[in-house]
Amino acid sequence: MEQRKPRIGIMTSGGDCPGLNAAIRACAKTAIWSGYEVIGIHNGWEGLLEHDDEVLSVVRTSGIIDRGGTILGTSRVSPLRIENGVQRVKDRFNVLKLEALVVLGGNGGLSLAYKMFKQGIPLVGIPKTIDNDVTQTDFSIGFQTAVQIATDALDRLRSTAESHHRVMVLEVMGRDAGWIATYSGLANGADEILIPEVPVTEQRLESMCEKLISRRNRGIVFSIIVAAEGAKLLGQNITQEKPAGEDSPAPRLGGVGQQLGEIIEQRTGIETRVSTLGYIQRGGTPVSYDRTLATAFGVKATNLIKNKKFGEMTALKGVRIVGVPLEKVSDGIKTVDLRAYAVASKFFA
Ligand code: F6P
């Protein structure tokens with residue numbers, strides 16, 4: 001009689017990002033080729049609670065490396081916020097006869113994964129978030145694509161800003177970290193980059209406006225400003241937070257770009273337009289960097305499971321892919337390296 005194959009599950013949790021499918025493909029195929037059966041859990045932890053899953057085959061995971069979103073669906077549902085949730089997850093885990101889970105998550109998703117690991121679910125994590133704010137890894141899946149999309153948007157804004165002699169403000173995502181703003185602003189040569197890590201004082205706002213006028217007087221007819229959604233305008237008595245969504249405990253951010261645009265136009269008299277990039281930076285085709293990082297993380301996650309290194313997360317350290325304890329990941333977020341920000345600031349002239 002043929003022996004039953006060991007089984008692993010894979011799920012995507014939290015906000016989606018480009019590169020998730022590349023990681024699912026890599027993880028599933030390497031696991032299948034190593035003798036595992038792979039179960040795709042639908043919509044994050046909800047799939048275990050609601051018994052919503054599928055067997056992932058080589059065929060099902062072929063041709064998806066370049067596809068945005070996640071073929072498994074995602075959610076921010078937490079078994080810890082549902083009555084008897086942890087037990088229901090454990091029951092389903094046992095019914096499916098899973099040996100371990102691979103959880104793709106951002107900060108929230110990975111700290112939830114760590115809590116579930118402590119509750120007795122063997123699992124490994126893979127960092128994915130356009131925000132790039134997961135600690136212990138240089139980059140997370142999705143970040144480079146978001147930066148490319150934001151850079152393209154800024155390049156396009158520059159050409160129209162030049163035609164109309166305007167100031168253009170672009171608000172990008174990133175929650176409480178300004179990675180997307182810093183990298184895309186650097187790549188575009190933006191004239192100002194506002195990030196949550198460096199709150200904007202009244203003095204900075206004033207000197208920014210003076211600079212915009214001085215650029216105009218020197219014959220530079222356009223200016224580009226990138227504002228991270230979490231940037232803070234001190235003393236403006238502005239609230240940028242909106243109530244949390246149904247499945248998410250974190251308040252939604254947004255609106256700082258619009259507020260900044262109004263202040264600039266009022267103080268400088270220069271016509272100013274504001275764009276909010278929004279979910280465009282989270283959708284669509286992943287750039288090649290995210291596909292390769294996702295593939296490397298997917299392969300590593302399978303290896304961690306084979307070696308029973310549960311409670312670890314795949315991470316990029318320099319050019320090496322390593323496993324790091326999820327425990328270390330779950331405290332705090334990785335904010336922008338202020339040396340990188342200082343490089344960008346050198347061009348604010
Ligand atoms: O964490 C990724 C992210 O896109 C943030 O940059 C943004 O603030 C948030 O998710 C938006 O979340 P939601 O999908 O719940 O609107």
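This report describes the ligand site, the nonpolar core and selected residues of a predicted model.

## Basis of the description

Residues are numbered from 1 along each chain as its sequence is written. Because the model is predicted, local features need pLDDT of at least 70 and side-chain atom pairs count only at pLDDT 80 or more, while totals for chains, interfaces and linings use all residues; side-chain values use heavy atoms, with hydrogens and water left out.

## Ligand surroundings

The residues around the ligand are R76, I130, D131, M173, G174, R175, E229, R252, Y279 and R282; a residue is near a molecule if one of its heavy atoms lies within 4 Å of it. By class, this shell consists of six charged, three nonpolar and one polar residue. In this classification, Ala, Val, Leu, Ile, Met, Phe, Trp, Tyr, Cys and Pro are nonpolar, Asp, Glu, Lys and Arg are charged, and the others, Gly among them, are polar. Domain 1 (7–141 + 286–329) and domain 2 (144–282) each supply at least three residues to the shell, the domain bounds being taken from an automatic or database domain assignment.

Polar contacts are pairs of N or O atoms within 3.5 Å; within protein, one atom must be able to donate a hydrogen and the other to accept it, and residues adjacent in sequence count only if both atoms are side-chain atoms. A side-chain N or O atom of Y279 lies 2.4 Å from an oxygen atom of the ligand. For E229, a polar side-chain atom is 2.5 Å from a ligand oxygen atom, and for R76 the corresponding distance is 2.6 Å. On its own the ligand has 400 Å² of accessible area, of which the protein covers 84% (Shrake-Rupley method with a 1.4 Å probe; for residues, only the protein chains shown count as cover).

## Nonpolar core

In soluble globular proteins, nonpolar side chains tend to be buried together. In this model, the largest nonpolar core has 60 residues, and I10, V102, I141 and I193 have the most contacts inside it. Such a core is a set of buried Ala, Val, Leu, Ile, Met, Phe, Trp, Tyr and Cys residues joined through side-chain atoms within 4.5 Å. Buried means under 20% relative accessible area, exposed over 50%, and partly exposed in between (1.4 Å probe, protein chains only).

Helix α5 (residues 143–164) provides the largest share of this core, nine residues. Helices (H or I, at least four residues) and strands (E, at least two) are DSSP runs, numbered from the N terminus. At least three core residues come from each of domain 1 (7–141 + 286–329) and domain 2 (144–282).

## Residues in strand and helix

M313 belongs to strand β10 (residues 312–317) and counts as buried because its relative accessibility is 0%. The C-alpha atoms of M313 and T137 are 9.2 Å apart, although 176 residues separate the two in sequence.

I263 is part of helix α8 (residues 256–268). With 9% relative accessibility, I263 counts as buried. Its C-alpha atom is 8.9 Å from that of L205, 58 residues away along the chain.

## Loop residues

H51 occupies the loop between α2 (45–50) and β3 (53–56). Although H51 is not a glycine, its phi is positive, at about 60°.

The loop between β3 and α3 (85–95) contains N84, a residue other than glycine with a positive phi near 65°. N84 is exposed because its relative accessible area is 52%. G68 also lies in the loop between β3 and α3, and counts as partly exposed at 24% relative accessibility. Between G68 and N21, 47 residues apart along the chain, the C-alpha separation is 7.0 Å.
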